[in-house]
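Dear colleague,

I am handing over the structure below, and after it you will find an account of what was found. Please read the text with the coordinates open beside it.

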Amino acid sequence: AGEGIEAIVASDLARAFDTARAIADGVGLPVATDSGLRERCFGEFEGYTYAEIDAKWPEDAARWRRHDPAFGPAAGGETLLAFFDRTVAALIRVARAARGRTLCIVTHGGVLDCLYRAASGVDLNAPRTWDLGNAAINRVLFTGERFTLVGWDDTGHLDGAAPDDAGEVAAA
């Protein structure tokens, strides 16, 4: 509530939208949705556990686990490259529409991974070395052309501690 949020945009999938609505209720704003902020489509892998995917499609599972940017599961699954392009384009579109305002975007882990990579210049096939915490606050600055990381995986609000002006968690 103390962040000065002026607009809220979420994925149209229920788990992100419901979180956005809880934030919106606290700050008195509506929630806009953008389907470009949806999680990656995993095609025929959807609905299966990791173990089931490994057993049913071992070669495809290996490519998926290696984060092969050109691999997409059959039956409409997105390649990592197509997913990255879709989500970063959606994030840029949403940020441009809210230019000059403090925007809250509520989305999914895969989308946030793409945002981190776009903002920091990390290649798609590089291993992830950063956290993607549930309900974490990730701060980025949009310059009109690209994103820059300001803070990542801030979960102080979940512990009841409030961030101070510098974004650091103050003692409660």
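**The parallel sheet and its helix**

Strand β1 is covered on both of its faces, with A7 and V9 buried on one side and I8 and A10 buried on the other. Please keep in mind throughout that this is a predicted model.

Strand β1 belongs to an open sheet of 3 strands, in which the order is β2-β1-β3 and the pairing is parallel. The edges are taken by β2 (31-33) and β3 (103-106), and each of these has a single partner strand, so one side of each is left without a neighbour in the sheet. Averaged over the sheet, and with direction ignored, neighbouring strands are turned by 30° against each other.

On the β2 side, the pairing with β1 (residues 7-10) is parallel and runs over 3 bridges. Within this pairing V9 stands opposite A32, while A10 stands opposite T33. On the β3 side, β1 is joined in the parallel sense by 4 bridges, and here A7 faces L103 as the residue opposite.

Which strands does helix α1 touch where it packs on the sheet? Helix α1 (residues 14-27) touches β1, β2 and β3, and its direction makes about 170° with that of β1. Taken together, β1, α1 and β2 make a β-α-β unit that is right-handed.

**The hairpin**

A further pairing, this time in the antiparallel sense, is found between strand β4 (residues 137-142) and strand β5 (residues 147-154), which are connected by 5 bridges. Within this pair, I137 has D154 of β5 as its bridge partner. The hairpin of β4 and β5 has 4 residues between the strands, and G144 takes a positive phi there, near 105°.

**The contact between α4 and α5**

Two packed helices are described by the angle between their axes and the distance between the axes. For helix α4 (residues 80-97) and helix α5 (residues 109-120), the axes come within 9 Å and cross at roughly 80°. Since angles of 65 to 115 degrees count as roughly perpendicular, α4 and α5 are therefore described as roughly perpendicular to each other. On the α4 side the contact is made by F83, F84, T87, V88 and L91, and on the α5 side by G110, V111, C114, L115, R117 and A118. Sorted by class, the residues of this contact are 8 nonpolar, 2 polar and 1 charged.

One of the residues in that contact, R117, deserves a separate look. Once its neighbours within four places in sequence are left aside, R117 is in contact with F84, V122, D123, L124, A126, P127, R128 and W130.

A75 has a positive phi, near 65°, although the residue is not a glycine. With 67% relative accessibility, A75 counts as exposed.

G77, by contrast, is buried, with a relative accessible area of 17%. Not counting residues up to four places away in sequence, G77 touches C41, F42, G43 and G72. From C-alpha to C-alpha, G77 and H67 lie 14 Å apart in space, with a separation of 10 residues in sequence.

G72 counts as partly exposed, at 24% relative accessibility. With residues up to four places away in sequence again not counted, G72 touches R40, G77, E78 and T79. The C-alpha atoms of G72 and A1 are 39 Å apart in space, and the two residues are 71 residues apart in sequence.

Key:
Residues numbered from 1 in each chain as written. Predicted model: local features only at pLDDT ≥ 70, side-chain atom pairs only at ≥ 80, totals over all residues. Heavy atoms only, no water. Pairing = 2+ DSSP bridges. Helix = DSSP H or I, 4+ residues; strand = E, 2+ residues; numbered from the N terminus. Axes fitted to C-alpha atoms, helices over the stretch in contact; angles between N-to-C directions. Contact = heavy atoms within 4.5 Å. Parallel < 35°, antiparallel > 145°, perpendicular 65-115°, else oblique. Nonpolar A, V, L, I, M, F, W, Y, C, P; charged D, E, K, R; others polar. Buried < 20%, exposed > 50% of the residue type's maximum accessible area, 1.4 Å probe, protein only. Right-handed = clockwise from strand over helix to strand, strands pointing away.
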